[in-house]
Amino acid sequence: MYFEDLSPYYYPVVGGQQLLMIGWLERGHAFPTGEVPAELVAKLRAIERSPYPQQYRCALTRGLHYCHFCKEDDREASNAELFIPDSDVPDRYYATTFLTSHYIEAHRYQPPDAFIRAVLAVDLRRPYDAIVIYDSLLLPPETMRKEYEKKAKDAENERIDIQLTEKQRENFRRGAHLRYRKWLDENPL
Ligand SMILES: [Zn+2]
């Protein structure tokens, strides 16, 4: 999928919020190249790895998206999107992928300044839940409330002693299953 930098997300966003595409590159579409701050790639990789409750990844894609500019056998891949909050404009987010750090490092991709500022401004000690952000950007508030009430109940009733993968167990330990109840508590009617 190709999208020009700073174009609107491929699903319409609700309310006055903004979600802008960054780093959705593809062969056949020129992209800006140049110098970026030295710490940018390391910061992006830290954001990619950050676990709940500092979670920036969401919107798992069906299958892997591969880098179009690398040779077949050593292509980088991404299976999720990252949602980065803008550092200056409230209610503005950037939707990018796990390939952006690779594009910068391997292909000299230069993302827009506002995105670079936003990435460098991310404070990985503060709670942030991209999955909740994603839902609040794309779901009408009533729909979100209904879904979260159902999901909160499901999470509370779920038996945790069965068949959890290592990753799910870790998420559970960190309380990711409580995100729905947490949002409901923070957004009372
Ligand atoms: Zn590549």
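Reader: Let us look at the sheet. In which sense do β3 and β6 pair, and over how many bridges?

Author: β3 and β6 pair in the antiparallel sense, over 2 bridges. Two strands count as paired if DSSP finds at least two bridges between them. Strands here are DSSP runs (E) of at least two residues, and helices are runs (H or I) of at least four, numbered from the N terminus.

A word on the source. This is a predicted model; local features need pLDDT of at least 70, side-chain atom pairs count only at pLDDT 80 or more, and totals for chains, interfaces and linings use all residues. Residues are numbered from 1 along each chain as its sequence is written.

Now the whole sheet. It is open and holds 4 strands, in the order β1-β7-β6-β3, with mixed pairing. β1 and β3 (57-58) stand at the edges with a single partner strand each, so one side of each has no neighbour in the sheet.

Take the other pairs. β1 and β7 run parallel and are joined by 4 bridges. There, Gln18 stands opposite Arg92 in β7. β6 and β7 are antiparallel, with 5 bridges. Leu82 faces Thr96 of β7 in that pairing.

β6 and β7 also form a hairpin, with 6 residues between them. Asp91 sits in that turn and has a positive phi of about 65°, although Asp91 is not a glycine. Most residues other than glycine have a negative phi. Asp91 is partly exposed, with 14 other C-beta atoms within 10 Å. The cut-offs are these: a residue is buried if 20 or more other C-beta atoms lie within 10 Å of its own, exposed if 12 or fewer, and partly exposed in between, with C-beta atoms placed from the backbone.

Next comes β7 itself. Of its 6 residues, 5 are buried, so β7 is largely enclosed by the rest of the structure. Across the chain of 189 residues, 24% count as buried.

Look at Tyr93. Neighbours within four places in sequence aside, its contacts include Gln18, Leu19, Phe83, Ile84, Ile133 and Leu137. A contact means that two C-beta atoms, placed from the backbone, lie within 7 Å. In the chain, 68% of the contacts with a separation of 6 or more are between residues 24 or more positions apart.

Finally, the setting. The chain has 7 helices and 8 strands. Its C-alpha trace spans about 50 × 40 × 30 Å along the principal axes. The chain is divided into domain 1 (18-130) and domain 2 (140-186), with bounds from an automatic or database domain assignment. Their C-alpha centres lie 26 Å apart. Domain 1 gives 4 residues to the contact, and domain 2 gives 6.
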